[in-house]
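Work through the exercises below with the sequence and the model side by side. Try each task before reading its solution.

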Amino acid sequence: MGHVHVIRILHTTFGIFGNVFGILLFLAPMITFKRIIMKRSTEKFSGVPYLMSLFNCLFSAWYGLPFVSPNNTLLTVLASIGGALEAIYVLIFLIFAPKKEKFKISGILFLVLSIFSIVALVSVLKLHGDKRKLLCGLAFAITCIMMFGAPLTVMRQVIKSKSVEYMPFFLSLSIFNSSTSWAIYGLLGKDPFIIVPNSVGSLLACVQLILYAIYRDSKKKLDVETEGSIETGHEKPQIEIQKNMETYAL
């Protein structure tokens with residue numbers, strides 16, 4: 001009986017850790033959107049990462065509800081906060097995006113909300129018990145892996161350029177802390193739908209930290225080269241910089 005009590009305490013503790021680290025991650029894009037508001041333009045930033053994050057938050061919040069999966073309320077708390085922030089980011093993006101980009105983002109947003117609504121309605125009206133948990137759990141796990149897989153583009157760029165200039169250390173560390181906390185939370189709660197995607201996220205974040213350790217000295221060298229390029233009028237194309245930044249804006 002005492003063993004079960006300890007596991008419950010640890011389960012809640014790691015859930016709280018996951019919430020703290022998760023909220024920090026959701027707050028990270030504020031710097032990007034402060035820039036967008038000040039310039040009244042989305043420039044070359046993409047709104048798709050924020051839509052994918054919103055997509056994941058919707059399914060995370062739904063999966064954590066008591067009638068879908070018991071004892072995962074902390075997951076719903078984090079996803080609700082994250083979903084609200086991502087919705088604000090998407091709204092700001094729609095306000096300042098060019099007309100063509102607005103149509104694109106609006107279309108994807110409609111698709112995201114439609115898929116979520118269909119899954120939610122089917123799970124409530126047609127499924128019960130383990131079948132409901134299976135459908136919602138799969139949807140949650142898939143969207144979670146999609147979100148964690150976003151930095152793969154930047155990791156490839158780091159290896160190619162041998163520079164971590166556009167792979168922030170503390171962001172990678174926060175992803176590692178958050179996904180590891182949730183993986184342990186899922187392990188203690190014996191929930192494979194939480195364990196698997198967060199283990200993937202933890203592994204990918206670990207690879208990012210290893211890459212940072214390997215190429216961190218190259219960043220100093222690149223900074224010197226960049227200063228020299230600016231002096232001679234040859235700056236790194238802004239579009240390339242933005243492509244790397246927007247991948248990390250989740």
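Helices (H or I, at least four residues) and strands (E, at least two) are DSSP runs, numbered from the N terminus. This is a predicted model, in which local features need pLDDT of at least 70, side-chain atom pairs count only at pLDDT 80 or more, and totals for chains, interfaces and linings use all residues. Residues are numbered from 1 along each chain as its sequence is written, and side-chain values use heavy atoms, with hydrogens and water left out.

**Exercise 1. Spans from the record**

Step 1. Take residues 6-27. They are 100% helix and 0% strand, with end C-alpha atoms 32 Å apart.

Step 2. Take residues 108-128. This span is 86% helix and 0% strand, and its end C-alpha atoms lie 30 Å apart.

**Exercise 2. Helix α8**

Compare the reach of α8 with its expected span.

Step 1. The expected span is 1.5 Å times one less than the number of residues.

Step 2. α8 has 20 residues, so 28 Å is expected.

Step 3. From first C-alpha to last, α8 reaches 29 Å, close to that value.

Step 4. Look just past the helix: Lys190 takes a positive phi of about 55°.

**Exercise 3. Asn198**

Is Asn198 buried or exposed?

Step 1. Locate Asn198: helix α9, residues 192-231.

Step 2. Apply the cut-offs: buried is under 20% relative accessible area, exposed over 50%, partly exposed in between (1.4 Å probe, protein chains only).

Step 3. Asn198 has 5% relative accessibility, so it counts as buried.

Step 4. List its contacts (heavy atoms within 4.5 Å). Beyond neighbours within four places in sequence, Asn198 touches Phe148, Ser179, Trp182 and Ala183. The buried residues of α8 include Ser179, Trp182 and Ala183.

**Exercise 4. The largest nonpolar core**

Which helix gives the most to this core?

Step 1. A nonpolar core is a set of buried Ala, Val, Leu, Ile, Met, Phe, Trp, Tyr and Cys residues joined through side-chain atoms within 4.5 Å.

Step 2. The largest has 36 residues; Val90 and Phe140 are among those with the most contacts inside it.

Step 3. α4 gives the most, with nine residues.
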